[in-house]
Structures are given as structure tokens and as C-alpha cells.
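This report describes selected helices, contacts and individual residues of a multi-chain model. Please consult the sequence and the structure shown here while reading.

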Amino acid sequence: MFDDVVFWALALPAVAAGVMVFRFDSMARATYALLTSLLCVGGEVLLLGLDYLGVVIVLMMTIEMAVMAVFMVMYMMNPAGLMPMTMVHNAKGAVVICAAVLAVLVAGILLAPWPARRGEPSADPTRDLGLSLMGPQMLTMMTLGLALVATIVATVVLATRRGRYDRYGDDVDARCADDPVRGGTGR
Amino acid sequence: MSLEPFLLLAAALFSIGLFGVLTQQSVVMLMMGLELMLGGVIVGAAAVWRHVAPAVADGQVLVVLAVTVMAVEMAVGFAVVTALFRAREVDMTDMAAELKE
Amino acid sequence: MDLSRALRRTAMRRPAVLAVTLPGATELRLEAEAEVRRRGWPVVDTPAAADLLLVCGVPAPGDAQWLDAVGGSMPEPALRVVVGENGRVADALDRARAELVDRAATRRPAAAVADVPVAPGPGPHEGHGDVHGHGHGTHHDSPPPEASAGPGDHTGHDMHGMQGMGGMHNMHAMGEVAGLPMAERGDDRDGLRLDQLHVPLGPALSDWPAGLILRCTLQGDVVQDVEVDHLPAAPGRRLPFWDEPWLRAARGEPVTGDRAARRRCAAHLDSVGRLLAVVGWEDVAARCRRLRDALLSGTSREVIGGDLRRTLRRIRRSRTLRWSITGLGELPAARARAAGVTGPALAADGDAHDRLLVWIGEIERGLDGLDDEGPLTPDDRTGPRGVLGGSRPPSQALLSLLPELLIGAEFAGARIVVASLDPDLEELTSAALSGAAHG
Amino acid sequence: MAEAAPLWATLVLPLALAAAAVATAGFDAVLSASAERGPAAGPREAGLRALAPVREALRLLVQQPRRTTADDRLLGRLGVVLVPVAAVLAGAVLPWGFSAVSDPPVGIVWFNAMEVLAWAAVWLTGWGPNSALALIGGHRFLAQGLAYELPHMLAITTAALGAGSLRIGEVVAAQDGLWFVVWMPGAFAVYLSSALAMAFWGPFAHPVARDAAGGAAAELAGVDRLVFLGGRWLLLVVTAGFSVPLFLGGGNGPLLPGWAWTLLKTAAVLALLVAGRRALPVLRMERYMEVAWTVLVPVTLLQALVVAVVVLNG
């Protein structure tokens, strides 16, 4: 009973906030609507007994959306939504496609013969996850790690305009970097 | 709690996200749609773990994967937008398509 | 009901003060700062937090607009007090507190009583219990956008802040929203074409040279362009406070050496305190101000020397402070000389921290001169900010350097650069006067 | 081992945190006043000075809130309220002695997640009023967050690593003999600095600094201002208090009961921070960022490595 209440109390805001993401004119509001939706997702994961993952989702999504809001405001037109405008293309077709997808998914969910549960969740699923990632799923973990490193390098290369030749001169031999804003370690 | 409500929630989030991905002109808004879709995937994976195979941690690993993909997608997305913005001052998918020409 | 009234009265016993100084009112500002500190009233840095707007100096007709804007962005119960004469600050504060306590207790809206020197503001239409609590909201819409930005409403509540970091793409129609212009875009430092925001800084900013207005073009918080402006000066009968001993001596009046030394130390302590307040070292900044007032009130060297030297040593030895402000506002001596700078900024031959060290050195040397009973020679014209009586006052040279030092700096850095030069706009107003004294 | 606290603790928690916040603010006010006006003449005057935060709160309650033109009221209010809410939610896993309001198996991650809500809160507060200086303050906090968060996470992970558990009760239990601060001094120092940064207070007050007329708080008046700045003190108390179970042995100590030790240690940490704040100017993120990423991150990584080796061999 209690679980039911919690489920619906999280599910309805999750969906409502998800819809509002594309209805708000203000980019800041859209971002924080998305955050609301994803925090509810984190809550649902907690409800499913995955303490660690639920809290990590809350943690990561908060940071991610807080940073995202900056980019939204920086690049988007009309960040505060003071000028009502639409920026969609092909909305009708998309509605049809999405409704179809939803219908197929719902039918599948309701009609599929879901297998019965095998085994019981252990007392500490977090421990299971850790042992799994450091054991049988080690390859996944390593791939993720490498992907994250690659992302860091790639995003910096993509986003910055200045390379080491700009910072340290043509021979890369300047003692101090020539940056528009001086850093804290005196390099 | 049974499995179906969680999966319905997942399907709903996925569809809303898909709508965003299909309609939004702005790269940034498009990424928000992707995030929502991944949010649906997370709920689905966690629910299936719980109700189908709680003894093995594979469902949890899928959630970890989805969360990481969200972070990576966001970071790469913003880097690309920054690069596009610098090159042509555009942040729209339609206009990015024109860049090919 | 009675309890709530009593609480309201108690709350307003110590109203929060936002002090605004008009050019030419340095002496008043010092008096007001000392008086507010003596009473232990909280001093705030934004109209939103203030109960009492204390205007030091006599406003010119042109000042009414921005003073109204500042007053209008204060929450109820808001009161404006104008102090135009020395020695009246305590009286004015007493009356202001009585009015505020009364107003808070009865929840009575402000009445437009013109009373000199205490003139309660901000206006009769400041409706109480109004959700908006923003009586002057209308003035944003009426004048053209340029004018409505007005000199000095530093909190910029009529600003385009929301479009500030983002905004309209060029191909979309430009327009106004809620009476505010949308931001336009321009190339920024990092090669991105982002929105520009025009923000006037000053003159109601705290720890800011009185009367200075910088019309900045910001992208994010990076200063892209800056135009130096200042409030019109009150007709200058008075000598600039910080330069007074030297100008008097130049006129041939008898001035003792210790008076000049005292004034120089106090001027530099004022500048140091301001710089430290901007850097965010409030404790030491407060100490500097207390010592400055003690110096000006004639405390002897024996009493003040130890404390002062300890404080200065602490500032000079702070490695964090050096790490924090070094490299900001680099001003090589050659460049300074070319611009006509003569004072500490020339001697420093470097960044904000070097200028701070020069100030500290001059204060320490000045301390030794506190016992000098001999007269100040008329030829000694080196005031705290440079040589007086030349073709243009020292602060004019500092102001002319501001644009090149500020462009490309981030907001926090820009404020530190301004504070580390600390031009005194009083010098501009009586430039003619000092020239006359010279001739 | 931690035991569950009775239900009334849930109600007492916010009040206790508020009381601690007022006491801390009072101590800070006494020190500030002595810098401003010289040492207090006697205990009576010192007491009056210590009451300044209470008086300030009362004053803000009497002041009317105000709005700015074209503001985003919803988000701005949300940000203001989120600050104390985040502080109290993070405080829920704070053990008093050996019992906390809640001691979930992932308490450390929970604390971290709640404290990160402050990122959203401060930015929203700065965004709300449609004012350039407030927005600058909000953005400053995000930059600050990016600088402090990574070393901070590594520091608290080190404590969890030492105990082999994410449950705070077990972290405390693991310090029965030796406090973690003894063999994790690097992590402890980094944690203290990030505790200040989280509460955007003291040397890390740049988001609400004076040079931007109060930064994110520039346009807040009346109750809004009270909730935001009061919430900041709550955050400071909670983040400083959390260093006790993580590094200072929690309620462990001779003679006195657990709760008394917690109280004493928390008070000591807060006193250290309040007094130590006076030695430093505000650190600007343009400078601190590089230090955080090139010095503090390697330091905490090394610290974690040392702890991991000790744990594996122990």
C-alpha cells in the first residue's frame, strides 16, 4: 500500500515534469523540469530497493542539470522565456510516431508473459553491484572508464579554441602560459 | 508492487523523450529529450532487475551504464554545440545539416 | 497584537544602512561610517537588504533619478535620509530611527515629508502591503532603454539579466520584454558570439569610488568594453578632503607636517580598507577603517602605532592575499608615466598587490611623521594620489587608465583593479581650484 | 553500531541545527564586532554583540519582501527554500553520539547528494530576480562547485574506504580505536575546505561576496533573505558537523557519553572554522580552480591509495 502511494506520487510528477520540459518557454524552467523528472526517477529506483543507484542518480542529475542550465542560458535564444515562441519542427508527425511507440510499448508490457522472479534480492544490493563490476562485469567497468577518459579529452579538444601553441608560444617553451585569466598555480 | 506500473512509467518517459528528440530544433533541447529517454531506460532496467532476476547484478550494471551514457552524451553534446556555435553561430539541427553543403 | 508591535519596534531599533556617497562628501562619509559603526547598526551592500538609505552629500537635480531607483528597490519600511552638512549625521540617524520604528510599529506607509536635512523618502505612492513592494517599478518602462539603465542603479533590477547570458538570435525579431530591451550579441573573448549586457556600475555600489560610473559591456562576467563617467560635481567650494593639507599649504596657509602625514596615512588606510573589502577580507578591512578613523580623530602615535603596524604586517605577510590579487591590473611604470600618473600607482610599477604594498609602505613612513610639528612647505605637493596642482589632478590620470586595465577582466577582477587604483573623484571637481592655487 | 533514533528526533533535528547555527553566527558576530569596533568592554557588551544574528533575523522578518521586474518567481523562491531544506535533509544522516535520525546503508552518498542540491539552490536564487549581479553570483557558485566537488568526493570516499562501508554508523564504529584524522590528514583538510565551499561561507563566500553587492543574495529582501542566509548557516553547521563522524571518531571518547563528545567535537570544528576564516581573504575560483584540480585532486587520490593499501594489508 505504502509502496503504491510512493510510486504514484513519484510517477505522476515524473511524467508531468517530462511533458513540461517541452512546454516551458523558459530554458531555465525546462532544465529544472527535466531535473524534477529525473529526481523522481531516482526516487523510483530507491523504491525498487537500489539505494546506492537511486542516490547516485539524484547526485549526478543535480550536478548535470545545474551545469546544463548554464549552457542552456548561454546558447539558447530566449532563455528566460520572456518572448513566447516555438522551436519545433514536424510536431504532428512526431506526435503520431510517439503515440504509436507508446501504444506498442504499452501493449507489449501488458501482454508479455513476464517470467516469474528467480531468486531473492540479497540483503545488500550495493555490495552485489560492486562485486559484479569488479568481477564478472570488469570489462564493462573498464570500458566505461576508458569512455569517460575519452569523453573528457574529446570534449575539451572540441570546445576549446586555444591549444598549447597559443598558450606557450610557437616553440612551446614559454615559462608561463599566456591565458586571458591567470590561474592559481603560477604556471 | 508489480512490474507493470514501473514499465508503464518507463514507456511514458521514453515516449515523451522521443517526442522531444523528433521535434526539437535546438541541439540542446534534443539532448534533453535523450536524457528523458534514458531516464525511462533506467526505470525499466531497475524494475526488471527487481522483479525478474534480483539475484544477479546485471540489471544494476545496466543502470550504471545508462547513467554513464547520460553524462557522456551531455558532455559531448555541449562540446559539439560549443564548437558549432564557434564555427557558425548556430545551435540548430536544421542549420547544422546545412553545414555539410 | 501588542507583542507583534513590540517586536516590530525592536526590530527597527537597529536598521540596516546602505550608505551612498556623492562626490565631494568624503568627510561626511567618514563621519557617517564612524557613527553607524559606533551604534552597531548593520551595514549592507544592496538596497534589497537595507531599511535606511543614507545619502551623504547634497544631491544635484540630476541625481534624483538614480537615487529614486535605489530607494525604490528597497523593501518596506524604506526610508531615505539626506545628510548635507558635517556634524549632523548623528542627529539625522536618530530621527531616521524614530521614523522607522514608528513606521514599523504602525505599518504606516511612508509620508512624503520634506525635511532638511532629514528628508524621508521614497515617495507617497509606496503602497504598504503591496505584494510588489516596488513602488518605482513604473519608471523602467517609460523612458527609452538607455535612459532607464540610469546611472547607478547598481543592482540593476531593471536589467536585462535574464537575457544576459543568453538571449535572442540575430535572425529573430529584436524587441522589448516587460519594457526591457533584449540583449544583442557580439564576439567575446573566447571567440563565441554571445549576448552582451550593458551594466552601469556605480555610484551606489559599496566600496566604490564616490561618484564614479563605469558603463560596462559585459559578456558573462567579462568586461568587453567600458566607458568611464562620473556624477556631475557639486559646485566645488570645498577642497578635496584627502588633498586638503597640501592644497592649503600651496595657498600659503600654515599647515603642520603632522597634519599632512595623518591625512596621507588615513587616505591610504581608506584605500587599503576598500581594496580588502572588495577582495573579501572583511575583518582586516574593518580594522583598517577603525584605525583610519582613530588617526583622523587625532589619536597619538603611541596609542595607535602598535595596532596599526601589526595590522599592516598582517596584510603584507598574507600569502593568500598575494596569490589572490597578483597579476590583476598590471601597470608598468612606463605606461603609468605616459598616462600622467604620479602617485603610488607609478611607484608600484606593477599589479594590484604591488600598489597595495606601496600604500602600506607610505603609511608606515607616514607614521614616523606624525610627530612632525614643523610646517608643511608650500612646495610639497605630493598628495596621497600623486602630485597636485599640475595640469590635471592625479585621479584624472588614474581614470584615463581604467578602460585599458579593465577590458578583458572578469567582474571580480575589474572591481579589484578599480579598488587598487582608488581614484578620488573629488579631485576632478576642484581641478580648477587647485590650478588656481598653483598660479 | 548505530541505533535508530526515536521519531521525535525528526522534529528536534531542524531545531537543534538552527540552535547550533544561531550559536555559530553569534560567535562569528562577536569576532567581527571586535575587529570592527575594538574588543568588547565587558561580558554584557559581548553578549549583546552575540545576539546580533537574532536581531538581524527579527529585522528581516519585519522587512517586506519585494519583487524585481520580469523575475522568475517560481525558480527564485525554489532556490531560496532549497538551501535550508538541503541542509536539514543532509543533517538527517548526521549521528548524534551513536544514533542518527536515519542511518541508511548509503548514508555517505546521501549526504553528498543532498549537499549537491545547494548547487541548484544557489544558481536558482541568482537566476530568479532578473539581475546581472545576482546571476553573476549564481554562476560563481557553479564554478566553485566544479572546483570543490571532486576533491570533496574523493575525501569522503577515503573515509568510507577506511571503514569499508558507506553506512555512517559503521564509519563511526570503525574509529573506535584510532580516529581517521590521524591516518587521513590530507582527506580531513580537503574535507574541511570543501565544507566551507559547500556552505559558500568564509573564504569561499565569493558567490555572495560584497564586490557583487551580495551576489546571489543581492536582490533578496525580508523573509527570502532570512531563509537563504539562515540556510547557509545551517549548511555550514551540517557540513562542519559531518566531519566529526567521518574523521574525528564521532561519539567515541573517554568518560563522557557519545552525544556530549559529538557536541564538543562539532563545536570545536565550528570554532576553528569561524576563527580561521579571519585569516583568509575570499578565494576567487579563477585562481582556486587550478589549485583544486592540479593539487588537491592528486593529494586526495594519493591519500585514498595509502588508505586502500593499509586496508588491504590490515
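The model is predicted: local features need pLDDT of at least 70, side-chain atom pairs count only at pLDDT 80 or more, and totals for chains, interfaces and linings use all residues. Residues are numbered from 1 along each chain as its sequence is written, while chains are lettered from A and ligands numbered from 1 in the order in which they are written.

## Chain C

Chain C contains 18 helices and 12 strands; helices (H or I, at least four residues) and strands (E, at least two) are DSSP runs numbered from the N terminus. Among its 439 residues, 56% count as buried. A residue is buried if 20 or more other C-beta atoms lie within 10 Å of its own, exposed if 12 or fewer, and partly exposed in between, with C-beta atoms placed from the backbone. Of the contacts in chain C with a separation of 6 or more, 70% are between residues 24 or more positions apart. Two residues are in contact if their C-beta atoms, placed from the backbone, lie within 7 Å.

Axes are lines fitted to C-alpha atoms, for helices over the stretch in contact, and angles run from 0 to 180 degrees between N-to-C directions.

| Helix pair of chain C | Axis distance | Crossing angle |
|---|---|---|
| Helix 14 (352-368) and helix 16 (411-421) | within 9 Å | roughly 30 degrees |
| Helix 10 (301-317) and helix 14 | 11 Å | about 160 degrees |
| Helix 8 (257-279) and helix 9 (282-296) | within 8 Å | roughly 160 degrees |

Angles under 35 degrees count as roughly parallel, over 145 as roughly antiparallel, 65 to 115 as roughly perpendicular and the rest as oblique. Helix 14 and helix 16 of chain C are therefore roughly parallel to each other. On the helix 14 side, C:Ala352, C:Arg355 and C:Leu356 meet C:Ile416, C:Val417 and C:Ser420 of helix 16.

Helix 14 of chain C also packs against helix 10 of chain C, and these two are roughly antiparallel to each other. The crossing of helix 10 and helix 14 of chain C is left-handed. Residues making this contact include C:Leu308 and C:Leu312 of helix 10 and C:Ile360 and C:Ile363 of helix 14.

Which residues does C:Gly366 contact, leaving aside its neighbours within four places in sequence? They are C:Ala261, C:Arg264 and C:Cys265. C:Gly366 itself lies in helix 14 of chain C and counts as buried, with 23 C-beta neighbours inside 10 Å. Its C-alpha atom is separated by 48 Å from that of C:Arg103, 263 residues apart along the chain.

Helix 8 of chain C is roughly antiparallel to helix 9 of chain C. The crossing of helix 8 and helix 9 of chain C is left-handed, and among the residues in this contact are C:Cys265 and C:Leu269 of helix 8 and C:Cys288 and C:Leu291 of helix 9.

## Positive phi angles

C:Asp207 is not a glycine, yet has a positive phi of about 55 degrees. This residue is in the loop between strand 8 (197-201) and strand 9 (212-219) of chain C, and C:Asp207 counts as buried, with 20 C-beta neighbours inside 10 Å. D:Phe200, likewise not a glycine, has a positive phi of about 30 degrees. D:Phe200 is placed in the loop between helix 9 (185-198) and helix 10 of chain D, and is buried, with 27 other C-beta atoms within 10 Å.

## Helix 4 of chain D

Helix 4 (residues 73-91) of chain D has 19 residues and reaches 28 Å from its first C-alpha to its last, close to the 27 Å expected at 1.5 Å a residue; the expected span is 1.5 Å times one less than the number of residues. Where does helix 4 of chain D bend? The bend, about 35 degrees, is at D:Leu82, and D:Pro84 follows within four residues. A bend is the angle between axes fitted to the seven residues ending at a residue and the seven starting there. Buried residues of this helix include D:Gly79, D:Leu82 and D:Pro84. Their cover includes helix 2 (27-47) of chain A together with helix 1 (8-37), helix 5 (107-127) and helix 10 (222-247) of chain D.

## Chains A and B

In chain B, 59 residues are in contact with 68 residues of chain A. The elements of chain B giving two or more residues to this side are helix 1 (3-23), helix 2 (27-51) and helix 3 (58-88). Helix 3 of chain B provides the largest share, 19 residues. B:Val48 is found in helix 2 of chain B and is buried, with 21 other C-beta atoms within 10 Å.

Technical notes:
A crossing is left-handed if the near helix is turned anticlockwise from the far one by less than a right angle, and right-handed if clockwise.
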